[in-house]
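Okay, everyone, thanks for coming. Let me put the structure up on the screen, and then I'll walk you through the cross-links, the charges and a bit of the sheet.

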Amino acid sequence: MGALQLHVFYLILLLTISSQVISKQGEWKSATATYTKQADASIITEGACGYGDLYKASYGKYSAGLSTMLFNKGSTCGACFEVRCVDHILWCLQGSPSVILTTTDFCPPNYGLSSDYGGWCNFPKEHFEMSEAAFVEIAEKRAEIVPVQYKRVKCERRGGMRFSMSGSAHFFQVLITNVGLDGEVVGVKVKGSKTGWMPMARNWGQNWHSNINLVGQPLSFEVTASTGRTVASYSVAPANWQFGQTFEGKQFKSRSTKLEVRQREE
């Protein structure tokens, strides 16, 4: 094979790989789904993402616990998935309607049971544990487990991101909820009136913490999504903020509406 032919071959190979990567970003993938039987139509309120009351966190019944493979040690908390029941004529609703779910919890493995019977969340299974109310919108309630297809989608949220304060003077923690578009937060910085921008560490789920005493200072937050896009909310909490309070900041917006991204203060 000549040099020119070899160059053309590698160019075609590169284009083929690139097109496959692009197509996978929005393609449907296979998984399974079950539901929890809770009277309030939501899954466990104290889930592994730390959101607490899912209705107050704006997620409600359209929430899901994800298996280890999908949960990714909590970094997927807040991400949105479109899920539909497929390939089961008895259990899937006609037309395979879909629902949009937010990741709010972890579905732990049960290695005492087979992954084909009871151990639905065993690694490396991809599984969604839904609320009963959301499950019956895609499948018959009588079904124990159904085959589904899923894909990541943008999260549609009302209002801005919410910052809930907790901890103490020497252990400041903030829970971040109602994150739009990507939904998945990968980095947070905090800034007080007496400090510069300081990176926070993920404690668990979407709880982020810092050991700096920030009491008595107005606080700004800079949130980075997994897409790399960053939004800063300046002075979102006033100087007299208290632990237990929640404040609303800016929101990620579609580029078509000219995403307002604040630059970091020097």
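Let's start with Lys141, which is partly exposed at 46% relative accessibility. By that I mean the range in between buried, under 20% relative accessible area, and exposed, over 50%, worked out with a 1.4 Å probe and protein chains only. Before I go on, the ground rules: this is a predicted model, local features need pLDDT of at least 70, side-chain atom pairs count only at pLDDT 80 or more, and totals for chains, interfaces and linings use all residues. Residues are numbered from 1 along each chain as its sequence is written, and side-chain values use heavy atoms, with hydrogens and water left out.

Back to Lys141, then. Which residue does Lys141 form a salt bridge with? That would be Glu132, and the closest N and O atoms are 2.9 Å apart. For a salt bridge I want a side-chain nitrogen of Lys or Arg within 4 Å of a carboxyl oxygen of Asp or Glu. As you'll all remember, side chains of opposite charge can pair when their charged atoms come close.

How many salt bridges does this rule give? The count comes to 4. One of them is between Glu137 and Lys61, at 3.3 Å from N to O. Glu137 sits in the loop between helix H3 (132-135) and strand S6 (146-153), while Lys61 is in the loop between strand S1 (29-36) and strand S2 (63-66), so this pair ties together parts 76 residues apart in sequence. When I say helix or strand, I mean DSSP runs numbered from the N terminus: H or I with at least four residues for helices, E with at least two for strands.

Now look over at Arg152. Its side chain meets that of Glu184 in a salt bridge, 3.1 Å from N to O. Glu184 is in the loop between strand S8 (171-177) and strand S9 (185-191), and Arg152 is in strand S6, so here the parts tied together are 32 residues apart in sequence. Is Glu184 buried or exposed? Buried, at 9% relative accessibility, whereas Arg152 counts as partly exposed at 31%. Asp182 joins in too: Arg152, Asp182 and Glu184 are linked in a network of salt bridges.

Okay, on to the cysteines. A disulfide is a covalent bond between the sulfur atoms of two cysteines; for calling one here, the sulfur atoms have to be within 2.5 Å. Searching the whole structure turns up 4 disulfides. Count the bonded cysteines along the chain and the pattern reads 1-2, 3-8, 4-5, 6-7.

Take Cys49 and Cys77 to begin with, joined at 2.0 Å from S to S. The torsion about their S-S bond is about -85°, so this disulfide is left-handed. The link is between distant parts of the chain, 28 residues apart: Cys49 is in the loop between S1 and S2, and Cys77 is in the loop between helix H2 (68-71) and strand S3 (80-85). Both of these cysteines are buried.

Next up, Cys80 is joined to Cys155, with an S to S distance of 2.1 Å. This link is right-handed, with 125° about the S-S bond. It spans 75 residues, from Cys80 in strand S3 to Cys155 in the loop between S6 and strand S7 (162-168). Again, Cys80 and Cys155 are buried.

Then there's Cys107 with Cys121, at 1.9 Å from S to S. That one is right-handed, at 90° about the S-S bond. Cys107 and Cys121 each lie in the loop between S4 and S5, so the parts they tie together are 14 residues apart in sequence. Cys107 is buried at 7% relative accessibility, and Cys121 is buried at 3%.

Of the 6 residues in S3, 5 are buried. S3 pairs with S4 in the antiparallel sense over 5 bridges, where pairing takes at least two DSSP bridges between the strands. Arg84 stands opposite Ser98 in S4. S3 also pairs with S6, antiparallel over 6 bridges, and there Cys80 stands opposite Val153.
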